[in-house]
Amino acid sequence: MRRLSDRRSLCTFVLAALLFALPAQGENSPQWRGPEGQGHSAATGLALTWGEGKNMAWKTPLPGRGWSSPVIEGDQIWMTYAIEVAASEEQAKERLKANTGNQPLTVLAKAELHAICVSRSTGKILFDIEVLTEQDPQWVHRLNSYASPTPIIDAGRVYCHFGTYGTACVDADTGDILWRNREHHVMHENGPGSTAVLHGNRLIFHCDGSDVQYVAALDASTGKTAWKTDRSGKMNDNPQLKKAYGTPLVIEIGGKAQVMSPGADWMYSYDPQTGKELWKVHYGVLGFSTVPRPVAGHGMVYMCTSFMRSELLAIRVDGKGETKEPHVAWRFTRGAPQMPSPLLVGDEIYIVGDQGGLLTCLDAKTGDVHYRERLDGNYSSSPMYADGKIFIASREGITHVLAPGKAFKVLASNKVDGAIFATPAAVDGAIYLRTDKALYRIEKN
């Protein structure tokens, strides 16, 4: 089957002519939190204000339920969702006997897991593909979904990861499923949450359940398991405190690619090609159910320890400071987020609290606080930096637009119908915002 790159080489003349007729398209947004996975976009000319029917190119209703964020390549926007078939009351009671977490949960008889593709230019649904089906799936937390991990699109292939239910690769041109892998199973307790990361020919993801904890990589061409590495750090004996939902981030340290991998109680580093553990750092605080994705800069990796007592940690990894080994350089202990990821812009790092929207801006080098101000609402989505502004979307459907810097300044607050759990994406002059009901293309009219 020909890949997108092959077609381009065969059709150079035709595509060159079309460039004069089509709107200019710049960078793609191939993964959760943008091209580098850290919440930044190079998009410019974005709308500052919007609402239902205002500064909207189109709005496309979406089927099913899923919190995965939109990823973009060319004219295609891909997401995932689940069709949920509820279990009977008797089935739910029986299966929840094993629930020791005492959480508000949803129990299904079946989950049909889909990949869906929407046209950037028209908003039309191009593909709706059932990639996996799970009978009697594990329960899921009501703030989570069976399709929360965000897919990855690269060179005409879409990699869809659904945690314990499996991983599939879809041909973006035809909608054909190229491979599936259903070898990696864990007890999530609250549903799948960890998004995979693609580095070279390795699709890397976390398997941090209450039963087993490891990191795995698939060969991106074939879907076969390339490596599997058990978590080596000692954790609490309580299985509920061993689970995590973090997403890895690949960065370069000393010219070598390393996987920054937050798990329960520990931050790990692995070789992305082989899975060899390179180092690990203990938090020094009980942390589990880790959700936010780390960000990196200033020789440090910034992560949140999430549940029990969430802290923002700055882990120095550049061999400087009090010791050459990776270590915690500073920590912020006053209400770090449990779900939204941190955002690093220049010398400032921003975090927003899940409940009540307490926004904190700190000096990224020292951890000193510049301000702590409250935004309305509750938050699961991670903040985005684009067009010189910060965008923070709430579960109430409100996106606050702020000026970056040491002073708190809200530029606009924009409401759409539905709840926002997914993280926005921005490409060229448009913002792509997913709610629990629809996908929006927001741009200046």
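Author: The account below takes the salt bridges in turn and then turns to the strands beside them. The model is predicted, so local features need pLDDT of at least 70 and side-chain atom pairs count only at pLDDT 80 or more, while totals for chains, interfaces and linings use all residues. Residues are numbered from 1 along each chain as its sequence is written, and side-chain values use heavy atoms, with hydrogens and water left out.

Side chains of opposite charge can pair when their charged atoms come close. The structure holds 13 salt bridges, a salt bridge being a side-chain nitrogen of Lys or Arg within 4 Å of a carboxyl oxygen of Asp or Glu. One of them joins D428 to R120, at 2.9 Å from N to O. D428 lies in the loop between β34 (425-427) and β35 (430-434), and R120 in the loop between β5 and β6 (125-135), so the pair ties together parts that are 308 residues apart in sequence. Strands here are DSSP runs of E with at least two residues, numbered from the N terminus. Both D428 and R120 are buried; buried means under 20% relative accessible area, exposed over 50%, and partly exposed in between, with a 1.4 Å probe and protein chains only.

A further salt bridge is formed by the side chains of R182 and E134, at 2.6 Å from N to O. Because R182 lies in the loop between β11 (177-181) and β12 (197-199) and E134 in strand β6, this pair ties together parts that are 48 residues apart in sequence. R182 counts as partly exposed at 33% relative accessibility, and E134 counts as partly exposed at 21%.

D318 and R316 also form a salt bridge, in which the closest N and O atoms are 2.9 Å apart. Here D318 is partly exposed, with a relative accessible area of 30%, whereas R316 is buried, with 16%.

Two strands pair if DSSP finds at least two bridges between them. Within this pairing, I77 has V118 of β5 as its bridge partner. I77 of β3 is also the bridge partner of I72. Strand β2 (residues 71-73) pairs with β3 (residues 76-86) in the antiparallel sense over three bridges. Two residues lie between the strands of this hairpin, where G74 takes a positive phi near 60°.

Notes:
Helix = DSSP H or I, 4+ residues; strand = E, 2+ residues; numbered from the N terminus.
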